[in-house]
Amino acid sequence: MKINLTIIISVLIAVGLVALSFTLFQVYQERQRLQMDLERRSVLLVESLQEGILAQIEKGKISRLQQTIEKLGRHQRLIGAAVYNATDSLLAGNLELKPYLDIAGSVASMAMDADSALGITSQKDLKKIYLYAGPLRQEGSVVGAIVLVHDTGYIDKILSNIWKTNFIRWFVQALVVALVTLAVIRWSIFNPLNKMVDWMKSVRIGYQDRHILKKPPGGLFAPLHKEVNQLTQAITEARAVAEEEARLRATAEAIWTPERLKEEVKNLLGRQSLIAVSNREPYMHICKGKSIECIVPASGLVTAMEPILKACGGTWIASGSGDADREAVNEYDKVMVPPEEPKYTLRRIWLSKEEEDGFYYGFANEGLWPLCHIAHTRPLFRKADWEYYQAVNKKYAQAVIEEIKNEDQPVVLVQDYHFALLSKLIKEQRPDARVGIFWHIPWPNPESFGICPWQKELLTGMLGADIVGFHTQYHCNNFLETIDRFLESQIIWENFSVKMSGHTTLVRPFPISIAFTLKDLENEDRYMFPPAELLKEYGLSAQYIGVGVDRIDYTKGIIERFLAVERFLEKYPSYQGKFTFVELGAPSRTLIKRYFDLVNEVESEANRINRHFKSKDWKPILMLKKHHSHAEIMPFYVAAQLCLVTSLHDGMNLVAKEFVASRHNNDGVLILSRFTGAAQELRDALIINPYDIEQSAEAIKYALEMPLEEQQPRMKQMRQFLVSHNIYLWAANIIRELASI
């Protein structure tokens with residue numbers, strides 16, 4: 001009530017001050033106008049009377065002059081008139097003018113002396129009057145004067161009415177404005193604020209009801225709401241972590257969380273910074289109209305590494321690829337990320353178009369990528385690409401050296417096949433640095449790797465690291481056998497290490513994972529996305545949905561997947577019209593001809609199969625070709641009865657783990673290629689050979705008809721595995737190994 005009264009009084013005062021200013025100005029202008037009008041009428045009246053009065057004086061008709069003056073005295077707002085001769089004697093005047101004759105005589109005398117008209121304002125017995133005297137001239141000489149006396153009280157009445165009218169208008173306007181302002185404030189400020197208060201209170205006291213925790217609208221409070229949202233989320237996460245840690249202590253389980261990793265890194269590294277290096281950046285700044293938008297690029301590496309940097313802090317060095325990236329960084333090419341709650345530093349490296357073409361598209365993705373993936377695409381090795389690959393690795397090495405120049409025994413995590421030379425380049429300048437490189441893709445057998453003309457330089461560069469990590473022990477064995485084949489070195493198979501030129505490199509399997517904790521496992525939210533609702537947007541209907549999420553890459557087995565769907569529908573026609581497979585395909589590396597052609601091949605195959613089976617409101621394959629955010633993918637993960645991961649050769653494949661993580665009801669079936677690293681861990685999936693189309697088709701039928709009593713134990717087992725083998729454990733294992741060197 002007090003604040004309402006304050007608002008009303010404040011508005012009344014504010015509007016009143018404005019109204020007062022305008023009224024004062026209006027009164028001033030009106031007074032000036034009325035005064036000028038009075039003077040103008042006086043001049044005209046005197047000029048019109050002069051000739052008649054002079055004639056009557058000349059003829060000596062004083063009585064007739066008196067009658068004229070008395071008749072003139074009855075004029076509206078005119079008290080009276082008087083005529084004086086040259087000796088200041090009164091010749092004629094009306095009776096009402098008697099109290100003012102002394103003033104009138106003085107004014108007449110002054111007008112005759114000055115031989116000029118004269119108007120003055122005076123006051124007599126509390127009555128304001130205006131006197132105007134005009135000289136009477138005959139043959140160039142002043143022979144008298146006529147004086148008009150006006151009552152100016154009407155001016156004050158008019159101005160008084162203006163004050164009264166404006167006061168009433170001010171009061172009504174101010175009251176209306178105050179009430180409207182109060183209503184708007186209550187609706188747009190107090191109501192959202194009260195909701196926000198209730199929301200924060202519910203979080204503080206631990207309510208879990210989703211309606212209570214429903215986020216209030218932003219509106220005028222959008223910036224505050226954003227910060228409160230972050231704060232509330234932090235409080236909720238902190239409480240969940242505390243409860244989780246308490247449960248873990250009670251059950252003596254060793255589940256890794258962001259907080260546990262943060263403490264572990266602090267204990268292992270002390271004040272040393274963690275430096276991560278990758279080609280793909282975790283955040284891109286792009287121009288969207290006249291504004292700049294920050295987005296997360298589609299990347300399994302980003303999915304894996306982002307939670308680690310968020311938990312531990314440090315610096316992530318990566319190539320700037322967004323068209324607004326340069327505008328977002330400071331003078332040191334750095335920007336704090338994530339934008340909504342900065343946790344670590346992103347340093348961007350700028351590559352020229354020639355460097356990007358040679359290093360990234362050329363040597364890395366036309367050479368090393370097909371070399372390491374046994375997927376029947378011929379690797380291309382060009383000397384110019386190799387030179388760019390060396391140059392970019394040196395550019396990154398210089399950036400790392402700059403970042404660690406003030407660090408003692410810094411820890412550097414190099415990511416993936418783009419930087420095979422980087423570890424050695426860093427070690428040459430900073431032997432004390434502890435460097436690990438993690439190879440996110442498979443490592444081929446020695447015969448396959450021998451295709452590369454620069455195999456010795458690549459291997460020597462990698463052995464500059466203290467630790468070389470792969471997803472599986474099989475890839476570690478391939479790497480050690482490749483070293484044994486091409487380099488003079490000592491391989492110690494007992495502890496899987498390589499000693500060369502006095503430096504020892506450990507080779508270890510570190511199966512990568514996703515950010516999945518006990519809190520996620522026990523999440524009580526039940527998001528329901530019925531297949532019919534998802535497909536309705538595309539003009540389709542189906543009872544069952546299968547989903548695949550991939551970059552459009554020849555290693556992912558997308559065409560083999562489509563052929564399996566086709567064969568399934570041919571063998572089991574009862575599912576025609578009921579089952580739709582949704583492929584969320586992100587175009588990738590389309591500047592490389594093989595990838596450009598692959599996009600067309602995938603679309604053509606989907607169109608062919610759809611033409612074969614398509615009916616009015618159904619088709620077997622829905623191809624959604626674009627980059628999809630995690631929020632866009634999640635409804636399909638949740639709605640699908642099965643997920644197809646048919647990679648022909650893959651290091652791990654985090655899509656398989658993301659699908660398992662999304663299944664809060666422990667239902668659904670994962671069909672997984674045995675050529676993925678994930679197949680070594682997610683044993684309760686349906687493991688297939690993606691080249692065997694018949695087997696894949698049968699797996700689809702088995703998955704759709706698998707009873708819930710079988711689905712749930714399988715999915716529950718895989719979800720529990722993800723909790724105990726999440727990304728935080730992966731990071732802890734690598735950092736422990738580096739810290740122990």
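A residue is called buried here when its relative accessible area is under 20%. With that meaning in hand, we can turn to this predicted model and begin with strand β1, which runs over residues 78–85 and is mostly covered, since eight of its eight residues are buried.

Strand β1 has neighbours to consider. It pairs with strand β5, residues 141–151, in the antiparallel sense, and this pairing extends over seven bridges; within it, tyrosine 84 has alanine 145 of β5 as its bridge partner. β1 also pairs in the antiparallel sense with strand β2, residues 90–93, here over three bridges, and in this pairing alanine 82 stands opposite glycine 93 of β2. The strands β1 and β2 form a hairpin with four residues between them, and in this hairpin aspartate 88 takes a positive phi near 70°.

From strands we move to a pair of helices. Two packed helices are described by the angle between their axes and by the distance between those axes. For helix α19, residues 630–639, and helix α20, residues 654–662, the axes come within 9 Å and cross at roughly 70°. Because angles of 65 to 115 degrees count as roughly perpendicular, α19 and α20 are therefore roughly perpendicular to each other. The crossing in which α19 passes α20 is right-handed.

Which residues in α19 and α20 meet? On the α19 side they are Met634, Tyr637 and Val638, and these meet Val655, Glu658, Phe659 and Ser662 in α20.

Technical notes. Residues numbered from 1 in each chain as written. Predicted model: local features only at pLDDT ≥ 70, side-chain atom pairs only at ≥ 80, totals over all residues. Heavy atoms only, no water. Buried < 20%, exposed > 50% of the residue type's maximum accessible area, 1.4 Å probe, protein only. Helix = DSSP H or I, 4+ residues; strand = E, 2+ residues; numbered from the N terminus. Pairing = 2+ DSSP bridges. Axes fitted to C-alpha atoms, helices over the stretch in contact; angles between N-to-C directions. Parallel < 35°, antiparallel > 145°, perpendicular 65-115°, else oblique. Left-handed = near helix turned anticlockwise from the far one by under 90°. Contact = heavy atoms within 4.5 Å.
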